[in-house]
Amino acid sequence: MKKKLTFLGIETSCDETSAAIVQLDKNNNPKVLSNIISSQIKKHEKFGGVVPELAARSHLENIDFVIRESLRKSKTDLITVDGIAATAGPGLIVSLHVGLNIGKSIASSLNKPFVAINHLEGHALSPGLEKKINFPYLLLLISGGHSQFLIVEDVGTYHQLGTTIDDAVGEAFDKTAKILGLKYPGGPNLEKFAESGDDKYFKLPQPIINRGGCNLSLAGLKTAVLRESKNIKGKIKLKKNLAASFQFTINEILKKKTLIAMKQFNEKVGEKNSDFVVAGGVAANKVIRDNLKKICRSNNFNPSFPDFQFCGDNAAMIAWAGIQRFKKNKTDSFETPARSRWPLDLTAPFMKGPGLKLL
Ligand SMILES: Nc1ncnc2c1ncn2[C@@H]1O[C@H](COP(=O)(O)OP(=O)(O)OP(=O)(O)O)[C@@H](O)[C@H]1O
Ligand SMILES: [Mg+2]
């Protein structure tokens with residue numbers, strides 16, 4: 001009988017220490033045997049954001065336990081795993097080093113294949129943990145550090161259609177939540193807080209909505225929230241209205257930019273009821289999910305979202321990316337460095353900073 005392929009995945013790019021065991025069953029379907037996530041939210045909460053040195057120290061304290069737990073829960077041991085995949089970037093260098101180095105050490109001491117994973121590729125392929133996604137597909141990656149539209153041609157082959165020229169969507173949620181006095185991490189707290197707010201109460205700007213193709217800009221929106229927040233003087237109902245109006249405006253921006261990205265995708269790939277994958281931490285937002293599902297229905301795309309447990313940072317998506325790269329003989333040497341910046345499409349123009357021109 002054909003042996004099942006089992007991978008250990010390790011993720012420490014930001015403030016989640018995670019290890020997972022993912023196995024390909026005999027029909028080539030992935031099965032998550034364990035996915036242990038130790039979140040550092042409590043440690044960073046009082047600073048209102050992630051403190052890199054604190055994050056790295058916490059990863060060092062937790063990684064050993066997290067890996068052991070992933071093995072115990074999956075009833076696996078290191079001798080029987082077929083390979084190790086660890087996130088090598090992008091992310092906080094001091095945090096990345098912890099998981100990357102322990103991954104390399106395990107692989108080298110046991111003479112196992114090692115795969116260095118781009119964290120964004122982990123997000124990009126994550127819905128495949130539960131159902132088959134067909135290449136090529138349109139990807140909207142919306143996380144704490146990135147917001148991009150990409151054509152995913154195959155594992156390892158990405159073509160960027162658009163990106164944010166300033167804040168990422170998750171970052172805009174976090175900053176807006178902070179302005180409204182909500183706790184870190186802002187995204188999920190703002191979604192909850194906005195539930196009973198009037199989402200049409202404030203008319204907020206939609207920067208570069210009629211230019212720049214499917215590139216995004218959110219910094220002006222956040223500044224507008226800051227301005228409005230100064231006028232409402234802590235009135236809770238108005239604060240809820242502002243949160244809801246912010247979320248509504250993000251949805252309007254995503255709607256218009258997704259339509260442009262879908263058109264560009266169809267022009268490049270052909271119109272054929274393709275998959276539209278939304279991944280990254282913000283993909284957990286139910287209002288955004290519903291909005292994007294509606295757009296898919298009226299534009300002939302099949303929407304796919306990762307299960308909630310695979311939206312934020314997790315090692316199951318890293319092990320899964322590792323398995324897929326390993327199957328394509330894409331393994332890496334133990335010299336592979338950690339990288340703070342690592343775009344999926346290396347040919348895409350850098351879209352930040354002075355001198356940027358948008359059509
Ligand atoms: N329900 C939600 N609504 C809006 N935003 C959310 C929700 N849940 C999580 N987020 C946001 O998702 C982000 C975290 O996602 P993720 O862990 O993928 O980001 P990251 O790993 O820090 O960044 P990147 O993946 O770009 O390196 C945070 O900005 C968080 O506020
Ligand atoms: Mg992430």
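Taken over C-alpha atoms, the centres of domain 1 and domain 2 are separated by 27 Å. The protein is divided into domain 1 (5-127 + 310-327) and domain 2 (135-305), with bounds that come from an automatic or database domain assignment. This is a predicted model, in which local features need pLDDT of at least 70, side-chain atom pairs count only at pLDDT 80 or more, and totals for chains, interfaces and linings use all residues. Residues are numbered from 1 along each chain as its sequence is written, while chains are lettered from A and ligands numbered from 1 in the order in which they are written.

Across the boundary, 15 residues of domain 1 are in contact with 19 residues of domain 2 (contact: C-beta atoms, placed from the backbone, lie within 7 Å). On the domain 1 side, helix H1 (41-45), H4 and helix H10 (316-327) each supply at least two of the touching residues; helices are DSSP runs of H or I, at least four residues, numbered from the N terminus. H4 gives the most, with 4 residues.

Ligand 1 belongs to this picture too: both domains give residues to the shell around ligand 1, so ligand 1 lies between them. Of the 25 residues around ligand 1, Gly144, Gly145, Gly170, Gly187 and Gly281 come nearest (near: a C-beta atom, placed from the backbone, within 6 Å). Helix H4 (119-125), helix H5 (169-179) and helix H6 (186-194) each give two or more residues to that shell.

How values were computed: Contact = placed C-beta atoms within 7 Å.
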